[in-house]
Amino acid sequence: MPNSIKYKIVFVDDDDFLRKLYVSRLSEAGFAVYDFANATDDFVKKVATIRPDLISLDIINVKRSGFETLILLKKNKRTKDIPVFFLTNMNDPWCIQKSKDLGAAGYLINAQVLPKELVEKYVKYIEEHRK
């Protein structure tokens, strides 16, 4: 990684506008961003190769839900310890609890977090949990 890259993140959202907005902000903050519109069948294998510091998932995606993706990531020995945050429009107590039960590191609601705040939360989490 070049010296200007501080962190690696995998960012998944099928909303092109939001994905491009967040990818831009994360890149400006020193993230190497690997963005995906959907978590396709070979997603876990790709994540295992990338070995990101954090994964950001949306709950609702065309190919596979964020919950299903998180389950697959937690089952794989090479990806199970990578922290996963949900960034979603789902402001639903059931979804929030399910994300905790499945082992998500955090849950953020798009309408309640500005891009700058998202970057700050991700950086803070990574810095506090780096080994």
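Below are the entries, starting with the ground rules.

**Ground rules.** I'm working from a predicted model, where local features need pLDDT of at least 70, side-chain atom pairs count only at pLDDT 80 or more, and totals for chains, interfaces and linings use all residues. Residues are numbered from 1 along each chain as its sequence is written, and side-chain values use heavy atoms, with hydrogens and water left out.

**α1 on α5.** I started with helix α1 (residues 16-28) and helix α5 (residues 115-129), which pack at an angle of about 55° with their axes 10 Å apart. The axes are lines fitted to C-alpha atoms, for helices over the stretch in contact, and angles run from 0 to 180 degrees between N-to-C directions. That makes α1 oblique to α5; under 35 degrees would be roughly parallel, over 145 roughly antiparallel, 65 to 115 roughly perpendicular, and the rest is oblique. I noted the crossing of α1 and α5 as right-handed, meaning that the near helix is turned clockwise from the far one by less than a right angle.

Which residues in α1 and α5 meet? From α1 I listed Leu21, Tyr22, Arg25 and Leu26, and from α5 Pro115, Lys116, Leu118, Val119 and Tyr122; contact means heavy atoms within 4.5 Å. By class, this contact of α1 with α5 has seven nonpolar residues, no polar and two charged. For the classes, Ala, Val, Leu, Ile, Met, Phe, Trp, Tyr, Cys and Pro are nonpolar, Asp, Glu, Lys and Arg are charged, and the others, Gly among them, are polar.

**α2 on α3.** Next I checked α2 against helix α3 (residues 66-75): the angle is about 55° and the axes are 10 Å apart. α2 and α3 are therefore oblique to each other, and their crossing is right-handed. Phe43, Val44 and Val47 of α2 meet Thr69, Leu72 and Leu73 of α3.

**Arg51.** I found a positive phi of about 55° at Arg51, although it is not a glycine. Most residues other than glycine have a negative phi. Arg51 sits in the loop between α2 (43-50) and β3 (54-57). Is Arg51 buried or exposed? Arg51 is exposed, at 54% relative accessible area; exposed is over 50%, buried under 20%, partly exposed in between (1.4 Å probe, protein chains only).

**Asn110.** I placed Asn110 in the loop between β5 (106-109) and α5, where it is buried, with a relative accessible area of 10%. Its side chain makes a polar contact with the side chain of Tyr22 (3.4 Å). A polar contact is a pair of N or O atoms within 3.5 Å; within protein, one must be able to donate a hydrogen and the other to accept it, and residues adjacent in sequence count only if both atoms are side-chain atoms.

**Ser99.** Last, I looked at Ser99 in helix α4, which counts as buried at 2% relative accessibility. The side chain of Ser99 reaches the backbone oxygen of Ile96 at 2.7 Å. Not counting residues up to four places away in sequence, Ser99 touches Phe67, Leu70, Phe86, Ala104 and Tyr107.

How values were computed. Helices (H or I, at least four residues) and strands (E, at least two) are DSSP runs, numbered from the N terminus.
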